[in-house]
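Please brief me on this structure.

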Amino acid sequence: MGKVIAIANQKGGVGKTTTAINLAASLAVLEKKVLIIDADPQANTTSGLNFSPGSDQKRTLYEVMIGRIGIEDALVQTELAGLHMVPSHINLVGVEIEMLEADERESILKKALQPVRGNYDYIIIDCSPSLGLITVNALTAADSVIIPVQPEFFALEGLGKLLQTIRIVQNGVNRDLAVEGFVVTMFDGRTRVHTQVVNQLREHFQDMVFNTIIQRNIRLSEAPSHGKPIVLYDIMSNGSSNYLKLAREVMERNEPQAQTV
């Protein structure tokens, strides 16, 4: 059964979609079978993997969520052999209104995933930068959450609201939901405040902070405009190295290592 990981932070501009795309791609490069789900109406993950959000409006997460098609019919093959995607579209904005009267509306995505969970090692869900019903659906479907954090003081202030939402989901519809960890993004070692924020984050959350830090990297910011994850755009860049390291760390946390005799 595949591990479902939501990438979530209600604050925009923290590298959430960049992390979703490049973690998923790096896991695929490391020979894992991966599905990435674009649960953001802005569809940045969709375009960042070289798929036009308007190219096939009948095979997106919106149609899956309203029950028009099964998730198998929405799967798209990306440039990486081991990476599939369920694309998004601006139509997804309307899902929250359409789901208002639905039974068990928080669990729609979880139920939709059941037919394909066994086909993948990891399912990565890129959440929208909000705490609405679509994000609650992602957290209900997920086994754990990875929270990207930009090393700025205002970014830390917003974590409390997200953690409160996670606790509500845990107490209500998904008691097994865990925080996989916090990953620091857009780090610039020349900036004193970045180092201070990272130290505060580690002091407060300790082992919940990934050892891997995603450094600010021009090639990493260029890659989405070419519709490629960083491992395909520039495998030799620091961004590629950082996300491959993060993928290995995620694997180490989730896959017991074989014991040597």
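In which helix is Thr17 found? Thr17 sits in helix H1, residues 16-29. Helices (H or I, at least four residues) and strands (E, at least two) are DSSP runs, numbered from the N terminus.

This is a predicted model, in which local features need pLDDT of at least 70 and side-chain atom pairs count only at pLDDT 80 or more, while totals for chains, interfaces and linings use all residues. Residues are numbered from 1 along each chain as its sequence is written, and side-chain values use heavy atoms, with hydrogens and water left out.

**Thr17**

- Thr17 is buried, with a relative accessible area of 16%. Buried means under 20% relative accessible area, exposed over 50%, and partly exposed in between (1.4 Å probe, protein chains only).
- The Thr17 side chain makes a polar contact with the side chain of Asp126, at 2.9 Å. A polar contact is a pair of N or O atoms within 3.5 Å; within protein, one must be able to donate a hydrogen and the other to accept it, and residues adjacent in sequence count only if both atoms are side-chain atoms.
- Leaving aside residues up to four places away in sequence, Thr17 touches Asn44, Thr45 and Asp126. Contact means heavy atoms within 4.5 Å.

**Strand E5**

- Six of the six residues of E5 are buried, so this strand is largely enclosed by the rest of the structure. E5 covers residues 122-127.
- Tyr122, Ile124 and Asp126 lie on one side of E5, with Ile123, Ile125 and Cys127 on the other; all are buried.
- Strand E1 (residues 3-7) pairs with E5 in the parallel sense over five bridges. Two strands pair if DSSP finds at least two bridges between them.
- Ala6 stands opposite Ile125 in E5.

**Strand E2**

- E2, residues 34-39, is mostly covered, with six of its six residues buried.
- Val34, Ile36 and Asp38 point one way from E2, and Leu35, Ile37 and Ala39 point the other way.
- E2 pairs with E5 in the parallel sense over six bridges. Asp38 has Asp126 as its bridge partner in E5, and Ala39 has Cys127.
- E2 also pairs with strand E4 (residues 83-86), in the parallel sense over four bridges. There, Val86 is the bridge partner of Ile37.

**Helix H12**

- H12 spans residues 238-254 and has 17 residues.
- From first C-alpha to last, H12 reaches 24 Å, close to the 24 Å expected at 1.5 Å a residue. The expected span is 1.5 Å times one less than the number of residues.
- Buried residues of H12 include Tyr243, Leu244, Glu249 and Met251.
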